[in-house]
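Hello,

I am passing this structure on to you, and I hope you enjoy looking through it. Please open it alongside this note.

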Amino acid sequence: MKKLLKFVVLLAVVAGIALGVKTFFFDAKADTAAGPLVSAKVTLATIATTISATGTLEPVDQVEVGTQVSGDISKIYVDFNTKVKKGQVIAELDKSKLRATLTQAEIAYKSAQADYNYKESTYNRVKKLSESNSASAVELETAEYNMNSAKLAVERSENEVNQAKLNLSYATIKSPISGVVLKRAVEVGQTVAASMSTPTLFVIAKDLSQMKVMADVDEADIGQVKAGQRVEFTVDAYQDEKFSGTVQEVRLSPTTTSNVVTYTVVISAENPDQKLLPGMTATCTIVTQEVKDALSIPVKALKFSPAEGTPMADPKDFPRPPMFGDSTKFKEFAKKAENGDFPPPPPGMGAGGPPAGGPGGFGPPGKGGFGQKKGQRPKLSGNHVWVSIDGKAAPRPVKIGISDGVNVQILKGLSEGDSVVVSQETLTTATKKSDAASPFMPTPPGKKKKK
């Protein structure tokens with residue numbers, strides 16, 4: 001009996017402790033309620049879609065200057081960054097060997113000319129003898145053959161003289177264009193050999209006030225790039241400054257690196273201050289689409305959905321969207337829709353709104369229209385936003401255009417100055433179930449009620 005009594009007492013103590021803990025920690029209940037709607041104005045803005053690419057700056061025109069003859073560099077008249085004019089002498093090769101070759105060619109030419117003169121006179125003499133039958137036909141043919149051979153030898157020697165003169169002129173290296181020297185690859189005394197290919201001695205850029213960016217665009221984006229599109233780019237040397245350019249050409253030859261296919265896009269850029277230098281890395285933003293003065297709303301307005309318990313505006317209070325006709329007919333239509341009477345839609349609309357039965361129409365409840373009963377939350381699909389009418393939410397169908405990720409263009413359904421809901425505040429309230437206090441905590445002074 002005593003054990004039973006102890007067990008009952010222990011059970012009562014445990015129940016009391018549990019009740020005290022529950023009362024102390026769980027006496028308050030948090031309730032959430034739909035708060036005020038947060039709206040944003042429909043404004044006019046410039047909306048653009050872009051793609052990014054990285055490229056390298058190069059001069060529009062640059063020429064590699066070489067030599068067509070071998071020899072030793074004897075003189076250099078220009079250096080890096082030297083401005084030159086077309087035809088200006090920039091270097092010379094040692095001409096002694098070339099002059100010797102020319103002298104030998106001229107001597108050979110004179111010898112061939114003398115031989116030709118002798119054989120020509122012999123032919124003329126044999127010809128006269130042949131006319132008087134003093135020389136045979138064989139002797140005449142032999143004399144004619146020797147004369148023609150000597151004539152060919154003269155022509156060959158003359159060509160060798162001309163080639164020797166040309167090679168001598170090649171020893172004087174001139175600038176083919178007017179511009180600035182970007183690179184000098186030789187020193188005085190250096191030997192250059194032109195036996196296999198023309199060696200590069202200098203690189204000259206025509207005009208650094210005009211530059212081009214050779215940008216690599218990913219194959220996933222190349223379909224959006226067209227000639228004439230606007231480009232903005234930055235370089236590391238001037239990180240706070242943006243430079244402008246224009247897409248000049250999209251080259252069709254692909255480049256594959258680590259299974260990544262890219263295409264080269266040539267971007268022309270003005271460089272009046274010559275801040276842009278060859279070889280700089282440019283981070284480009286190509287504007288593929290751009291609309292100025294477009295009706296714009298935040299993208300999050302399209303994603304907003306009112307919370308449960310948000311007051312819904314009556315259909316008769318809906319403002320007339322720009323896509324509808326006369327406002328009086330619209331109000332009459334909305335009033336009949338509130339009572340469940342759905343007359344034929346206004347001209348240009350299908351049953352349930354544009355398109356037929358589509359999102360945001362004024363068709364029967366549950367069909368995506370606005371014809372819900374008073375206070376009933378409509379079921380919508382497609383592109384729509386919510387507008388605030390005296391603190392109550394009302395849906396509005398919209399037709400959207402391009403988006404830059406932050407703002408979206410509105411083609412139909414809203415006007416400048418309209419307010420669209422972008423978010424909603426949440427109200428949190430706490431209510432006491434009881435004023436019970438923990439049985440294990442002391443009561444503050446004055447807390448006990450007077451009996």
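Below is what I found in it, starting with the whole chain and moving on to single residues.

This is a predicted model, in which local features need pLDDT of at least 70 and side-chain atom pairs count only at pLDDT 80 or more, while totals for chains, interfaces and linings use all residues. Residues are numbered from 1 along each chain as its sequence is written, and side-chain values use heavy atoms, with hydrogens and water left out.

**The chain as a whole**

The protein chain has five helices and 20 strands. Helices (H or I, at least four residues) and strands (E, at least two) are DSSP runs, numbered from the N terminus. Of the 451 residues in the chain, 34% are buried; buried means under 20% relative accessible area, exposed over 50%, and partly exposed in between, with a 1.4 Å probe and protein chains only. Taking contacts (heavy atoms within 4.5 Å) between residues at least 6 apart in sequence, 72% join residues at least 24 apart.

**An open sheet**

β3, β10, β8 and β5 form, in that order, an open sheet of four strands with antiparallel pairing. β3 (62-66) and β5 (83-84) are at its edges with a single partner strand each, so one side of each has no neighbour in the sheet. Two strands pair if DSSP finds at least two bridges between them. β5 and β8 (residues 179-184) run antiparallel and are joined by two bridges, with Lys83 opposite Val180 in β8.

**β4 and its partners**

β4 (residues 71-76) pairs with β9 (residues 191-192) in the antiparallel sense, over two bridges. Here Gly71 stands opposite Val192 in β9. β4 is also joined to β6 by three bridges, again antiparallel, and Ile73 has Leu93 in β6 as its bridge partner.

**A residue to look at in β6**

Is Ile90 buried or exposed? Ile90 belongs to β6 (residues 89-93), and at 0% relative accessibility this residue counts as buried. Apart from neighbours within four places in sequence, Ile90 is in contact with several residues, including Val65, Ile76, Val84, Ile173 and Phe202. Ile90 and Thr172 are 82 residues apart in sequence, yet 8.0 Å apart in space from C-alpha to C-alpha.

**Two helices side by side**

The axes of α2 (residues 96-131) and α3 (residues 137-170) come within 7 Å and cross at roughly 160 degrees. Axes are lines fitted to C-alpha atoms, for helices over the stretch in contact, and angles run from 0 to 180 degrees between N-to-C directions. The two helices, α2 and α3, are therefore roughly antiparallel, the word used for angles over 145 degrees. The residues of the contact between α2 and α3 divide into 18 nonpolar, seven polar and twelve charged. Ala, Val, Leu, Ile, Met, Phe, Trp, Tyr, Cys and Pro count as nonpolar, Asp, Glu, Lys and Arg as charged, and the others, Gly among them, as polar.

**Two positive phi values**

Most residues other than glycine have a negative phi. Asn81, in the loop between β4 and β5, has a positive phi near 70 degrees. Asn81 is exposed, with a relative accessible area of 60%. Asp293, in strand β15 (residues 281-298), is not a glycine either and has a positive phi of about 55 degrees. Asp293 is exposed, with a relative accessible area of 60%.

Methods
Parallel < 35°, antiparallel > 145°, perpendicular 65-115°, else oblique.
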